[in-house]
Amino acid sequence: MRMPVLRAASFERNSMAFTNEQLERYSRHIILKEIGPKGQKKLMKAKVLIIGAGGLGAPAALYLAAAGVGTIGIADADSVDLSNLQRQVIHSTADIGRPKVESARDSMLAINPEITVHTYHEYITSENISAIIRDYDFILDGTDNFPAKFLINDACVLEEKPFSHAGIIRFEGQLMTYVPGEGPCYRCVFKEPPPKDAVPTCREAGVVGAVAGVIGCLQAMEAVKYITGAGDLLTGRLLTYNALRSQFRTVPLPRDSHCAVCSYERTIHVPFDYELPTCDLK
Amino acid sequence: MTIVVAGERKEYADGLTVEELIEAEKVETPQYVTVTVNDTFLSNAERASRSLQEGDIVEFLYFMGGGTIPSLCASNDL
């Protein structure tokens with residue numbers, strides 16, 4: 001039996017209804033024609049996973065929480081350290097020693113108590129990554145080590161999940177977005193992590209906190225665009241930022257037709273862990 | 001010849017190979033840098049034999065993890 005037009009319209013109105021508080025909280029989104037009430041509803045229904053509650057994950061988590069992303073997962077096995085606070089703005093001095101995921105959850109809920117935050121106080125490995133990412137619509141890679149970046153890439157490609165890859169160093173940062181079936185993956189660009197003995201000692205190169213903020217916010221923006229459908233994603237493009245030159249560049253990224261994980265010649269069929277080297281510097 | 005290197009127009013002698021360009025541009029940790037010429041990946045093995053031509057567009061794509069050089073420091077997040 002066909003639903004009467006009037007009821008269908010009424011249902012549509014009800015499903016689009018916001019509380020007065022939501023209308024006020026999200027008014028600057030709702031007024032944008034590229035987002036509007038429909039886009040805001042999409043954000044409120046969306047599930048985003050942030051892997052790494054550090055320099056990239058911190059600003060991304062804060063902005064996605066503020067944007068009203070309905071469910072945010074945050075994964076990190078670490079605890080807050082004094083040396084983190086120069087750039088990991090989701091944590092405070094009083095949080096030192098607490099698990100980062102708890103500190104991050106509290107900060108997100110303080111901004112927006114309407115959202116749901118799931119915490120994963122554990123290392124992301126080949127054993128657990130597929131099950132964790134499966135529940136999410138979009139994944140943000142906020143990790144700092146290459147084994148983790150390749151693991152996230154491979155798992156997202158195999159699970160057909162879109163994700164934002166990013167990296168930062170010194171005064172520079174870069175990011176790209178993978179969308180299943182559309183663009184190159186991280187492994188198309190970089191075949192393997194550098195070998196652990198490539199550089200004999202592990203020394204700090206440093207990073208400016210605000211660079212992490214810029215790139216983390218751009219990752220959040222990619223998530224917002226993917227969810228709402230607004231604009232063009234960084235798919236098939238690498239956005240680079242050089243803070244000293246005040247310069248952004250977009251570099252085209254081709255697909256690798258022989259890619260080990262995203263091509264028809266795929267040789268990687270399940271996620272696997274690269275050995276994570278140890279470091280004498282924290 | 002004029003080529004475009006990482007977005008900047010530069011003058012180099014004809015016949016310059018990609019490997020020579022990498023040296024001239026003082027590319028950091030070149031063995032871990034991905035090179036594209038005219039939006040096509042170039043393997044490390046092709047660098048020495050690939051001569052650049054007028055108008056070629058070369059990009060260097062760097063591993064960028066976190067606040068460490070590409071030596072794989074096992075901290076947890078950025």
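User: What is the strand order of the open sheet in chain B, and what makes a strand an edge strand there?

Analyst: The open sheet of chain B holds 5 strands in the order E2-E1-E5-E3-E4, with mixed pairing. Strands are DSSP runs of E with at least two residues, helices are runs of H or I with at least four, and both are numbered from the N terminus; two strands pair if DSSP finds at least two bridges between them. E2 and E4 (40-42) of chain B each pair on one side only, and these are the edge strands. Neighbouring strands of the sheet are turned by 35 degrees against each other on average, direction ignored, with axes taken as lines fitted to C-alpha atoms (for helices over the stretch in contact) and angles between N-to-C directions running from 0 to 180 degrees.

This is a predicted model, in which local features need pLDDT of at least 70 and side-chain atom pairs count only at pLDDT 80 or more, while totals for chains, interfaces and linings use all residues. Residues are numbered from 1 along each chain as its sequence is written, and chains are lettered from A and ligands numbered from 1 in the order in which they are written.

User: How do you know that strands E3 and E4 of chain B count as paired?

Analyst: The criterion asks for at least two bridges, and E3 (residues 33-37) and E4 of chain B have 3, in the antiparallel sense. One of the residues involved is B:Thr36, whose bridge partner in E4(B) is B:Phe41. Along the sequence, chain B follows the pattern β-β-α-β-β-β, with 1 helix and 5 strands.

User: Why is B:Ala6 called partly exposed?

Analyst: A residue is buried with 20 or more other C-beta atoms within 10 Å of its own, exposed with 12 or fewer, and partly exposed in between, the C-beta atoms being placed from the backbone. B:Ala6 has 16 such atoms within 10 Å, and is therefore partly exposed. B:Ala6 lies in the loop between strand E1 (2-5) and strand E2 (8-11) of chain B. Leaving aside neighbours within four places in sequence, B:Ala6 is in contact (C-beta atoms, placed from the backbone, within 7 Å) with B:Glu59 and B:Phe60. Over chain B, 31% of the 78 residues count as buried.

User: What makes strand E6 of chain A a largely enclosed strand?

Analyst: For E6 (residues 172-178) of chain A, 7 of the 7 residues are buried, so the strand is largely enclosed by the rest of the structure. A:Glu172, A:Gln174, A:Met176 and A:Tyr178 point one way, A:Gly173, A:Leu175 and A:Thr177 the other way, and all are buried. In a regular strand the side chains alternate between the two faces of the sheet.

User: Which strands pair with E6(A)?

Analyst: Strand E5 (residues 163-169) of chain A pairs with E6(A) in the antiparallel sense over 7 bridges, and 4 bridges join E6(A) to strand E7 (residues 237-242) of chain A, also antiparallel. E5(A) and E6(A) form a hairpin with 2 residues between them, and A:Arg170 in the turn has a positive phi of about 50 degrees.

User: How do you know that the length of helix H6 of chain A agrees with expectation?

Analyst: The expected span is 1.5 Å times one less than the number of residues. For the 12 residues of H6 (residues 100-111) of chain A this should be 16 Å, and the end C-alpha atoms are 17 Å apart, which agrees. The buried residues of H6(A) pack against helix H5 (57-67), strand E2 (71-75) and strand E3 (116-120) of chain A.

Note on methods: Contact = placed C-beta atoms within 7 Å.
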